[in-house]
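Here is a short tour for your next look at this protein. Have the viewer open and follow along.

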Amino acid sequence: MAADLSVVGLVEEFVVGQHDAPAKDLATGVIDGKCTALEIVEALGASLTNSEPRTRGRGVHLLSQVLLLSYSTLSQKEVEVLVIFYVDRLKDHHLITPYVLQGLKALSMSSVMPEGLAVMVLKALFQELHVQSLLQSDRHLVYSIITNFMDNREQELKGLGADFTFGFIQAMDGEKDPRNLLIAFQISRDLIVNDYDLGMYMCTGLDKLHFYLHCTIQLMCSRKASNFRFLPPL
């Protein structure tokens, strides 16, 4: 279905007019059934293929803001199409990465995500991003995506075996921000408590303790090396 004039107008106002209010209006439209997320993607059209990264980023930003407000109303097919779209965008310019992560966070909270897509997202995050080179808020988004999938896609993640554990360790290695350290500690704990494959640390209780201490020492050394101070929550 082609996007109607009102959707096109709101998209143009956000992307070209640099006004943020249309994101909420479009999200309300999705929630109320007046338009769909895929119609918004269609309306974004040339914005998503524009040669200017900032324009592409503005388009992805709009879509992600809409999804953060309306993810619970998406159909399974919409989630599938959008996940594939966002995973591909991880290869785009670094200016777009924060907005891609916002969209993936929204999708990671969907209860209708088809089986296998959580693994696709995590593999792409671990392969395409050097997490510690991202801004604090963007690293927090990565950890939030991991946490969301651990909460609602546990069996899929366990299917990755030790690759998931190693991917997380690589992502968090060197983390210095207290807000991010809190969520990284929680993920480390959950890997043990929920019996994820810990690879070289698996099998015995002592091995699991070794794994947790390994994560803790890495994070604490990173914290000690930084100019540590308590910061307000996100």
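At what angle do the axes of helix α5 (residues 76–89) and helix α6 (residues 97–108) cross? In this predicted model, the two axes cross at roughly 150° and come within 10 Å. That angle is over 145°, the cut-off for roughly antiparallel, so α5 and α6 are roughly antiparallel to each other.

**How α5 meets α6**
- The crossing of α5 past α6 is left-handed.
- On the α5 side, the contact is made by Val79, Leu82, Val83, Tyr86 and Arg89.
- On the α6 side, the residues in this contact are Tyr99, Val100, Gly103, Leu104 and Leu107.
- Sorted by class, the contact of α5 with α6 has eight nonpolar residues, one polar and one charged.

**A closer look at α6**
- Helix α6 has 12 residues and reaches 16 Å from its first C-alpha to its last, close to the 16 Å expected at 1.5 Å a residue.
- Most of α6 is covered, with 10 of its 12 residues buried.
- Among the buried residues of α6 are Val100, Gly103, Leu104 and Leu107, and these four also take part in the contact with α5.
- Thr97, Pro98, Gln102 and Ser108 of α6 are buried too.
- The cover over the buried residues of α6 includes α4 (53–70), α5, α7 (117–128) and α8 (136–152).

**Loop residues with positive phi**
- Gln18 is not a glycine, yet it has a positive phi of about 60°.
- Look for Gln18 in the loop between α1 (5–15) and α2 (21–31), where it is exposed, with a relative accessible area of 51%.
- Asp195 also has a positive phi, near 60°, and sits in the loop between α11 (178–193) and α12 (205–225).

Methods. Residues numbered from 1 in each chain as written. Predicted model: local features only at pLDDT ≥ 70, side-chain atom pairs only at ≥ 80, totals over all residues. Heavy atoms only, no water. Axes fitted to C-alpha atoms, helices over the stretch in contact; angles between N-to-C directions. Helix = DSSP H or I, 4+ residues; strand = E, 2+ residues; numbered from the N terminus. Parallel < 35°, antiparallel > 145°, perpendicular 65-115°, else oblique. Left-handed = near helix turned anticlockwise from the far one by under 90°. Contact = heavy atoms within 4.5 Å. Nonpolar A, V, L, I, M, F, W, Y, C, P; charged D, E, K, R; others polar. Expected span 1.5 Å × (residues − 1). Buried < 20%, exposed > 50% of the residue type's maximum accessible area, 1.4 Å probe, protein only.
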